[in-house]
Amino acid sequence: MLVTCVLLLTGAFFRLQVLHSSSYELRSENNRLRAISVPAPRGTMYGRNGRIVAENVPGYSVSLLPGREDTVRATLSRLAPILGLSDQTQDALMKKYRALPQRPLLVSDDATFEEISSIEERRPEFRRAIVDMRPRRRYPDGRVVAHVVGYVGEISEAELQSPDFAGYDAGRIVGKAGLEREYEGTLGGEPGVRYVEVNALGSIVQEMGPGPAVAPVPGKDLTLGLDMDLQDYVDSIFPAGHRGGSVAVDPHTGEVLLFYSAPTYDPNDFVGGVDLDTWNALRTDSAKPLLNRVTGATYPPGSTWKPAVAVMAMRRGVVSIDEHMDIPCRGALRYGIRVWRCWKPDGHGSLSLAGAIQQSCDVYFYQLGMKLGLDPMMAGAARMHFGEPTGIDLPHEASGYFPTSRAWYDQRYGPRGWTESVVLNLAIGQGENQESLLQNAMLYDAIATGRPPIVPHLVRSQALTSRRVDWSLDLPERERKQLVDALVSVVNAEHGTAYPWRLQRWTAAGKTGTAQNPHGEPHSWFVGFAPAHDPDIVVASLVENGHPDNTTSLAVPFTMSVIRRYLEELHPAPADTAPDTGEARAGGTARERR
Amino acid sequence: MRGAEPAWRRQVGDVPLFGLALLLSFLGLAMIFSAGQVDVPSVATGIWRHQLLWLAVALAAFAVVSRVPLRWLEWAAPGAYAAALGLLVLVLIVGTGPGGTRSWLDLGPARLQPAELAKLATILLLARILSGEQRAAEGLAALWKPVLVVLVPLALVLVQPDLGSALIFGVILIASLYWAGVPLATLFLLVSPGISLILGFSAVVWGIWIVVLAAFLYVHRPYLGESLGMLALNIATGALTLPLWSRLAPYQQDRLLVFLNPDADPRGSGWHLVQSKVAIGSGGLLGQGYLHGPQKRLAFLPEQHTDFIFSVVGEELGFLGVLVFLALLTWFLARTLRTAGSTPEPFGGIVTFSLFGVWFAHVLINIGMTVGLMPITGLPLPFLSYGGSFLVSVWAGLAIVERVSAEA
C-alpha cells in the first residue's frame with residue numbers, strides 16, 4: 001500500500017513536472033510578467049508650405065496596474081492631490097476601471113514633469129503606478145485648423161468594440177475627429193510592448209530589460225495641401241462675431257487650400273482629456289464651435305445655385321446666354337395665387353441670362369425654372385450629384401439633399417401637399433435644397449474648368465489627385481465660357497452684385513447669394529474662382545445671417561481678400577509694379593478687419 | 001550482551017530511522033528558509049529561526065520521551081488522554097485560530113495545538129485497551145470502547161472546526177484496530193457510515209452503495225442486530241450529508257469543491273491549487289534553483305511555508321528534488337512500518353503502526369493536495385511544514401517508535 005501510494009505521487013509529479021512542464025512554465029511567466037504598451041509617436045502633419053500643423057512634444061502619462069477595486073481607488077485618492085484629480089474625475093476613472101478591470105488604467109496622459117517627480121519621490125506609496133514618457137500631441141495653431149485636424153484622445157469603450165479599431169488596446173491614444181481620425185491608421189503607428197515583473201498583489205517588482213521588448217513603430221507623417229498662412233489670414237479677417245466658414249480648392253490638383261470654420265475652438269484642450277467645464281462650455285455654446293461648417297453642415301445655396309439652373313437649361317437648349325424671358329422684372333412675378341418677389345423691389349427690367357446672373361434677378365429665374373420644368377431640373381441635379389457627399393478625406397461629411405423625384409415630394413408633403421410651383425423656389429436656390437460649402441465649391445470648380453472636378457482632398461498625394469468625380473457639366477465649351485463671362489461680370493461689371501469688391505490685379509469670377517432661412521437674417525454666400533479663365537483657386541464662403549439688409553453682403557469682401565492674398569502668394573508681382581494700395585477700389589462697404 | 005550496550009542504545013533502537021528524521025528536519029529547515037525568501041513582505045520571512053528553536057524543543061522532547069519505558073507510557077495513557085480532552089475543551093472556549101476557528105491555545109511566545117497532543121494520547125490509550133484484550137474482537141459491538149475513545153476527541157476537533165485532524169483521528173482508529181487483528185470486513189462495516197456520508201450528495205450513487213452494503217451484509221452474515229444497525233446508521237448518515245454540508249464553514253465547502261474543479265475560480269477558492277500546480281509544473285526536471293522560484297518569490301504561491309512547502313520543493317528543486325524528498329520520506333515510513341512488524345509486544349506494535357498510519361496520511365494528503373490528488377485539508381507535511389506543535393509531536397512519536405525498537 002505504501003509503495004502504491006508513493007508511486008501514485010511520483011506519477012503525479014512526473015506528469016506535472018516532466019510531461020506538462022512547458023505549459024506551466026508559460027503560466028508562470030504570465031503570472032509574473034505584465035505587458036505594458038509603449039505608445040508610438042504619431043506622425044507629424046505639415047502644411048503645404050512646411051509649417052507644422054500637428055506635432056509631438058515630450059509628455060508623461062500615469063497609469064495604474066490592474067488590481068482589486070479598493071486598492072485602485074485608494075491609489076487614485078492618493079494620486080489626486082498630485083495630479084489634481086477632482087472627485088468627479090476620480091469617479092469617472094473608477095467607472096472606466098470597472099469596465100475593463102484587467103487592463104492598466106490610464107489616469108493621465110498629460111502629466112507635467114513636476115507631477116511625475118513627486119510621484120517618483122514617493123515611489124513606495126505608488127507601487128502600482130506606471131509612469132511613461134509618452135509623446136503628447138500639440139497643435140501649434142490649433143484654433144485656426146481645429147475643424148480640419150480634429151484632435152486625439154483615449155480610445156473609448158465604444159471605439160474598442162468597433163471594427164475600425166480592431167486590435168487596439170484600452171488606454172491607447174487615437175484620433176477622435178478630423179484628419180486625426182480619418183488618417184488614424186497612417187498617423188497612429190504601432191505601439192510597442194515592455195514587460196514589468198509584478199508580484200501576486202500586482203505591485204511592480206522590477207522592469208524587465210533595458211528597453212521595450214517590442215519597439216513601437218512610429219506613425220507616418222502627412223503633408224497637407226492646406227496653406228497655413230491663408231488659414232491664419234482668414235482667421236484674422238473673418239467677420240468678427242459671425243458664424244460661417246470658408247473653403248478653397250486648387251482646381252489643378254483638388255487639394256484643399258483653405259478650410260476654415262467659425263467660431264472655432266482649441267483642439268489642444270482635448271489632448272490629455274478635455275476637462276468637464278471646457279467640454280460643457282463647448283457643447284452648450286449656442287454658436288456651436290465644435291460644428292464643422294465647411295463639410296459638416298448644409299445650407300440653402302440661394303442665388304449661388306442660379307448658375308446650376310443656367311447650366312441645366314442651356315444643356316437642354318431651353319435658353320441661350322443672351323435670351324430674354326417673356327415678362328421683364330418689375331420687382332415681382334404673379335404666378336398662381338402668389339406673388340413671387342425679386343430681391344430688388346424696383347425691378348431689373350428686361351434682362352438676358354447673362355444679365356440675370358450678373359444682377360441675380362429672381363424674376364428671370366422664376367420663369368427659367370418654369371420653362372425648364374420640375375422633372376428636368378431634378379434629373380439635372382441628380383446628374384451633377386447634388387445631395388451626395390464630395391468624398392473629401394474627412395469623417396462625417398454631410399451630404400445635403402435635393403429632391404430626386406415627384407415621389408420624394410409626395411413622401412415629404414403628401415400627394416396633394418405640394419404644387420408644381422416648387423420649381424420657382426428651386427430655381428433661385430431656395431426650397432428643398434441643402435448644400436455644404438464644399439459641395440457648392442465643386443459646382444463652381446466644374447464651371448471654371450469644364451472638366452469633372454478632382455475629388456477634394458486635404459492630404460497631398462498623387463493617388464488622391466488622380467481621382468475625379470464621376471460627373472461633369474456636359475456643356476459645350478462655347479456656352480460654358482459664356483457662363484464664365486457672366487460670372488466675371490458679377491464681380492467686374494458695374495451692376496454686378498460683387499462689383500464693389502472687385503480686384504485690381506486679377507479677374508475674379510463668382511456669384512453672391514442671399515439665402516433665406518428659418519434661423520433669422522439671410523445667410524450671405526459667395527462662391528467664385530480666379531483667375532477667371534485659368535483658375536488657380538475656387539473658393540466658397542458663407543456667413544450665417546450675414547446679409548442683414550440688401551446692401552451688405554458679409555461673405556464677399558473677405559473672400560475677395562482671400563483670393564487676392566492667395567494669388568499674390570502664388571504669382572508675386574514684379575517689384576516695380578507692386579501694388580501699393582492693393583485694396584479694392586470703391587470698397588467702402590468692405591468690412592475688412594485687420 | 002544487552003547489558004554491555006551503551007545507555008542510548010536502550011533508547012534509540014533504530015539509528016538509521018533517527019538519522020533519516022534528523023536529515024529530513026534539517027532539509028525541512030532549509031526549505032522553510034527558502035519559503036521566507038520572497039520579494040514581498042511576508043510572514044514567512046525569518047521564521048526559519050523559530051523553526052530552528054522548535055527543532056531544539058522537539059529534540060529535547062525526543063530525549064525525554066525516549067527515556068520513558070513503554071510500561072510507563074501504557075500506565076500513563078488514561079491520564080494523558082483525560083488531560084488532552086481537557087485541553088480540547090479549553091481550546092473551544094479560549095482558543096484562537098485562522099478565520100474564526102478555535103484550534104490554538106495562545107501561550108504568549110508560542111501557540112499550542114492541543115489536537116496534536118490529543119492524537120498521541122488517543123493512540124496510547126487505544127493501544128492500551130486493544131493490547132489488553134485476550135483476542136481480537138469479531139463483532140462490531142465489541143468495539144464500542146475503542147470507537148468511543150476516538151469519537152470523543154474527533155467530535156471536539158470537528159467543532160473547532162478542523163477537518164484534517166478529524167480525519168487523522170479516523171486514521172488512528174482504523175490503523176490501531178487493523179494492527180490489533182480486527183478482521184477487514186468488520187473494519188469495512190465500521191467505515192461504511194463515513195462512506196455513506198460522502199456518497200449522500202448523490203441520491204443515485206448512495207442508493208447503489210446501500211444495495212452493495214446490503215449484499216455484503218447478506219454474504220458476510222454478522223450478527224443480525226449489527227447488520228440492521230449498520231444499515232440504519234448508513235441510511236441516517238446518508239440523509240444527514242446535505243444538512244451537515246450546509247453547516248460547514250464556507251472556506252471548508254470551497255476547499256472540497258475546489259478539489260473537484262480547481263480551475264473553476266482561479267482567483268478565488270481554486271487559487272491555492274492552481275498556483276501550486278503552476279509552481280510545481282514550472283519547476284520542470286531540474287527546478288528553478290534553490291531560493292529562486294519566481295512563483296514563491298512573487299507570493300503567487302500561498303501558504304508556502306506551511307501547507308504548500310512541498311510546492312516550493314517542486315518549483316525550486318524540480319522533479320529530481322521531489323524524487324529525493326519522496327524517497328527519504330518513504331524510507332522513513334518504511335522503517336517505521338518495519339519496527340511495528342518486528343516487535344512481538346502488542347502495545348508497542350499498535351502504537352508504532354498507528355503512528356505510521358498518521359504520518360503516512362499526512363504525507364499522502366499533504367503532497368497529494370499540492371498536485372490536486374487530494375482535497376486541501378491543511379494537514380502539515382512531517383519535518384517540512386513550518387509549525388512547532390506538529391514538529392514536536394512527530395519527534396515525540398518518533399521517540400516512542402525508537403523505544404519500541406529498542407525494547408524489542
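In the predicted model, buried residues account for 49% of the 408 residues of chain B. The secondary structure of this chain comprises 15 helices and 2 strands. Among contacts in chain B that link residues at least 6 apart in sequence, 70% connect residues at least 24 apart.

Chain B also meets chain A, in a contact that draws 31 residues from chain B and 23 residues from chain A. On the chain B side, two or more residues each are supplied by the elements α11 (271-283), α12 (294-297), α13 (309-342) and α14 (346-370) of chain B. Of these, α13(B) makes the greatest contribution to the side of chain B that touches chain A, giving 10 residues. When sorted by class, the residues on this side of chain B are 20 nonpolar, 9 polar and 2 charged.

Within chain A, the packing of two helices was examined. Two packed helices are described by the angle between their axes and the distance between the axes. Helix α3 (residues 69-83) of chain A packs against helix α4 (residues 87-99) of chain A at an angle of about 150 degrees, and their axes lie 11 Å apart. Because angles over 145 degrees count as roughly antiparallel, α3(A) and α4(A) are assigned to that category. The crossing in which α3(A) passes α4(A) is right-handed. On the α3(A) side, the residues involved are V72(A), R73(A), L76(A), S77(A) and A80(A); these meet Q90(A), L93(A), M94(A) and Y97(A) of α4(A). By class, the contact of α3(A) with α4(A) contains 6 nonpolar, 2 polar and 1 charged residues.

Chain A further contains an open sheet of 5 strands, arranged in the order β12-β11-β17-β16-β15 with antiparallel pairing. The edges of this sheet are formed by β12 (256-262) and β15 (509-517) of chain A, each of which pairs on one side only. From one strand to the next, the twist averages 10 degrees. In the order of the sheet, β11 of chain A is placed between β12 and β17. Strand β11 (residues 244-249) of chain A and strand β17 (residues 537-543) of chain A run antiparallel and are joined by 6 bridges. In this pairing, A248(A) stands opposite V539(A), a residue of β17(A).

Notes. Residues numbered from 1 in each chain as written. Chains lettered and ligands numbered in written order. Predicted model: local features only at pLDDT ≥ 70, side-chain atom pairs only at ≥ 80, totals over all residues. Contact = placed C-beta atoms within 7 Å. Helix = DSSP H or I, 4+ residues; strand = E, 2+ residues; numbered from the N terminus. Nonpolar A, V, L, I, M, F, W, Y, C, P; charged D, E, K, R; others polar. Buried ≥ 20, exposed ≤ 12 C-beta atoms within 10 Å, placed from the backbone. Axes fitted to C-alpha atoms, helices over the stretch in contact; angles between N-to-C directions. Parallel < 35°, antiparallel > 145°, perpendicular 65-115°, else oblique. Left-handed = near helix turned anticlockwise from the far one by under 90°. Pairing = 2+ DSSP bridges.
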